[in-house]
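Please read them with the structure open.

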Amino acid sequence: MNNDYQDPINALHMPEMADMTFAMDFLVRSKEDVRNTAIALTETVSPEARAVLRKQLHQGIAIHQEIAELMISKKWFHPYELNEQYQLDQLSALNTIQIGQMKLFPEDTSRKGMFDRTPDEQ
């Protein structure tokens, strides 16, 4: 990995990687929503509340399906080819490790000498 973080070559494929990451996060959160709504539905006794939760559950399932289909069509998610999904997960983990190892901040954070005068000078 290039250590010049302002070099435009480091931004290559970054928008696609960001989109894939956001979509996967959205997929996981929509799955959590479906699970939590289903649990709430089984715990609710009011017919009106059950109707609202049932509608919300169906909407949650629909959005999860839409996200999954989008990710499959973009080849960001391979639910039926586990080997390909494993390779994609490995690449994601490697990228995460490399980003975590970047030295984004200087060792010396002293601001001394950066200004031409002290704040009190006119």
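1. Basis. This is a predicted model, in which local features need pLDDT of at least 70 and side-chain atom pairs count only at pLDDT 80 or more, while totals for chains, interfaces and linings use all residues. Residues are numbered from 1 along each chain as its sequence is written, and side-chain values use heavy atoms, with hydrogens and water left out.

2. Overall make-up. The protein has three helices and zero strands, in the order α-α-α from the N terminus. Helices (H or I, at least four residues) and strands (E, at least two) are DSSP runs, numbered from the N terminus. Of the 122 residues, 16% are buried; buried means under 20% relative accessible area, exposed over 50% and partly exposed in between, with a 1.4 Å probe and protein chains only. Of the contacts (heavy atoms within 4.5 Å) between residues at least 6 apart in sequence, 53% join residues at least 24 apart.

3. The H1 and H2 pair. Two packed helices are described by the angle between their axes and the distance between the axes. Here H1 (residues 14-43) packs on H2 (residues 47-73) at about 155 degrees, with the axes 9 Å apart. Axes are lines fitted to C-alpha atoms, for helices over the stretch in contact, and angles run from 0 to 180 degrees between N-to-C directions. H1 and H2 are therefore roughly antiparallel, a term for angles over 145 degrees. The contact of H1 with H2 has 16 nonpolar, six polar and four charged residues; Ala, Val, Leu, Ile, Met, Phe, Trp, Tyr, Cys and Pro count as nonpolar, Asp, Glu, Lys and Arg as charged, and the others, Gly among them, as polar.

4. Buried side of H2. Which residues of H2 are buried? They are Leu 53, Leu 57, Gly 60, Ile 67, Ala 68 and Met 71, and these buried residues pack against H1.

5. Arg 50. This residue is found in H2 and is partly exposed, at 28% relative accessible area. Leaving aside residues up to four places away in sequence, Arg 50 touches Leu 41, Thr 42, Thr 44 and Val 45. Arg 50 and Ala 40 lie ten residues apart in sequence and 8.7 Å apart in space, C-alpha to C-alpha.

6. Lys 75. Most residues other than glycine have a negative phi. Lys 75 is placed in the loop between H2 and H3 (82-101) and counts as exposed, at 59% relative accessibility.

Technical notes
Parallel < 35°, antiparallel > 145°, perpendicular 65-115°, else oblique.
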